[in-house]
Amino acid sequence: MSAATTRSRTPDRLCAEAVDLARAAAEEAAAPGVIGEHVGLLSEGDRVVTHYFECKELGYRGWRWAATVARASRAKIVTLDEVVLLPGPDAVLAPEWVPWSERLRPGDMGPGDLLPTDAEDLRLEPGYSGEDEPAVNAPVSHEMADLVEAEDAEVTATAPPAALPTTPARGSISAVAEELGLRRARVLSRYGLHTAADRWEDSFGAKTPMAQAAPATCVSCGFLTPIGGSLGQAFGVCANEFSPADGRVVSLAYGCGGHSEAAVMPKPPQPPAPVIDETRVDPFPLRPAADSGSVPALPDEATAELGHA
C-alpha cells in the first residue's frame, strides 16, 4: 500500500489553528474589505490544511478565498502554501464554453467577416454539374482545400474563389445545370429549405399581428416581387418602401396596411332621408283660419243659441 493511501484525513492541529495566518494571507491577496468570515477548513493531506473565507466582492456570490497552510514533519512553525479564489457549492459560475460556430446568431457578421461553411452542413447538399469530380469552387475540392485552413478561411490573393469557376460549354449538361441554378458547388437541401421557410414564416407570416390586421394578403398585392425556385410557391419579396417588410422575404399569406389595393377605399354609405324633417320650420297658427272648418263662421249672437262658444 502506498504512502498516499495511508495518510490521515484528520486535519493537523497546528495547521487547523493557523486561521489568523490564513486570513492575513487572503487579505493581502484580495482587495480590501472583501474577506468575510471563516467558513470552514479541509485537510488536503498530512500537515496540509486549506482554510476557506467568505468572499464579499460584488459579482462573486458563493465564491470563497482558500488559503492553504502546511508545516514540515516535526516542525512547530506553520507556513503559507498558496491563496486562491475558488467557487463554492452555490457559486455563480460563467456559462460553459461554447464553440464560436454554435454561438453565432443572425446579424452577428460584419463587414470583412468570413464564415467558413462546414463540408457536412445539413442545410446544403452537392449541386449537379454532370461530372464526377466536384466543382473547383466546392469546399471539398482540392483547389479550395489548399486555400482554406482549419478554422480561418484565408483565401490567397492569387486565386480568389470568384476566379475559380469556369464557364461551361453551351448546350452541355453543365450549361443546363447552370441555367437552372444547380451547377453551384452546393445548393440548399430539403432541411435547409424547411428551416429557411420556418424562419421567414415566423418573421413575416400569416400569424403575425400585422398580417392579422391587414386588409388583404400579399398574394394580391402589386408590390410583391416573385422569387424563383420551390420557395417561390409560398414566398416573395416586398417592394413597398412604406411597408415594414420592404426588401424582406414575406409569405404570400402575409399582409400589411400598405397593400396596393388598400388605396381604393369604398365610398361611405349615404344616410337615408329622415322621416321627419327637423331642418324646416312649419308655421303653426295660434287660431284656426276662418275658412278651415266645416261650420261656417257666424256672429256670436247667432251661435249663442246653438251653444257654440
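**Strand pairing and ring contacts in a predicted model**

Ala67 stands opposite Val83 in strand E4. The two strands involved, E3 and E4, pair in the antiparallel sense over 8 bridges, where pairing requires that DSSP finds at least two bridges between two strands. Helices (H or I, at least four residues) and strands (E, at least two) are DSSP runs numbered from the N terminus. The model is predicted, and local features were considered only at a pLDDT of at least 70 and side-chain atom pairs only at pLDDT 80 or more, whereas totals for chains, interfaces and linings use all residues. Residues are numbered from 1 along each chain as its sequence is written, and side-chain values use heavy atoms, with hydrogens and water left out.

The secondary structure of the protein comprises 8 helices and 9 strands. Of its 309 residues, 23% count as buried, that is, they have under 20% relative accessible area, with exposed meaning over 50% and partly exposed in between (1.4 Å probe, protein chains only). Among contacts with a separation of 6 or more, 52% link residues 24 or more positions apart, a contact being heavy atoms within 4.5 Å.

The average pLDDT (the predictor's confidence in each residue, from 0 to 100) is 77 for the protein, and 68% of the residues score at least 70. Among the elements, the lowest mean pLDDT, 55, belongs to helix H4 (residues 142–147), and the highest, 95, to strand E9 (residues 249–251). Residues 1–7 have a pLDDT below 50, and this stretch has 2 contacts in the model beyond near neighbours in sequence. Over residues 148–158 the pLDDT also stays under 50, and here the model has 11 contacts beyond four places in sequence. Where pLDDT is low, the predicted coordinates should not be read in detail.

E3 and E4 belong to an open sheet of 4 strands in the order E1-E2-E3-E4, with antiparallel pairing. Its edge strands are E1 (35–45) and E4 (79–87), each of which pairs on one side only. From one strand to the next, the twist averages 20°; axes are lines fitted to C-alpha atoms, for helices over the stretch in contact, and angles run from 0 to 180 degrees between N-to-C directions. Strand E2 (residues 48–55) runs antiparallel to strand E3 (residues 63–70) and is joined to it by 7 bridges. Across this pairing, His51 stands opposite Ala67, and Glu54 stands opposite Arg64. In E3, 7 of the 8 residues are buried, so this strand is largely enclosed by the rest of the structure. Helix H2 (residues 19–29) lies across E1, E2, E3 and E4 and runs at about 115° to E1.

Val34 is placed in the loop between H2 and E1 and counts as buried, at 8% relative accessibility. Leaving aside neighbours within four places in sequence, Val34 is in contact with Glu54, Cys55, Lys56, Glu57 and Trp65. The C-alpha atoms of Val34 and Glu57 are separated by 5.2 Å, although the two residues are 23 apart along the chain.

Strand E8 (residues 235–238) is joined to E9 by 3 bridges in the antiparallel sense, and the bridge partner of Phe235 in E9 is Ser251.

The whole structure contains 3 aromatic pairs. Rings of Phe, Tyr and Trp (its six-membered ring) pair if their centres lie within 6.5 Å; planes under 30 degrees apart are stacked, over 60 edge-to-face and the rest tilted. One of these pairs joins Tyr60 and Trp63, edge-to-face at 5.4 Å centre to centre with 85° between the planes. Tyr60 is partly exposed, with a relative accessible area of 31%, whereas Trp63 is buried at 18%. Phe204 and Tyr254 are likewise edge-to-face, with ring centres 5.5 Å apart and planes at 90°. Phe204 lies in the loop between helix H6 (190–203) and helix H7 (209–212), and Tyr254 in the loop between E9 and helix H8 (300–304), so the pair ties together parts that are 50 residues apart in sequence. Both Phe204 and Tyr254 are buried.

The charged end of Arg64 sits over the ring of Tyr52, 4.1 Å from its centre; this assignment requires NZ of Lys or CZ of Arg within 6 Å of the ring centre and within 35 degrees of the ring normal.
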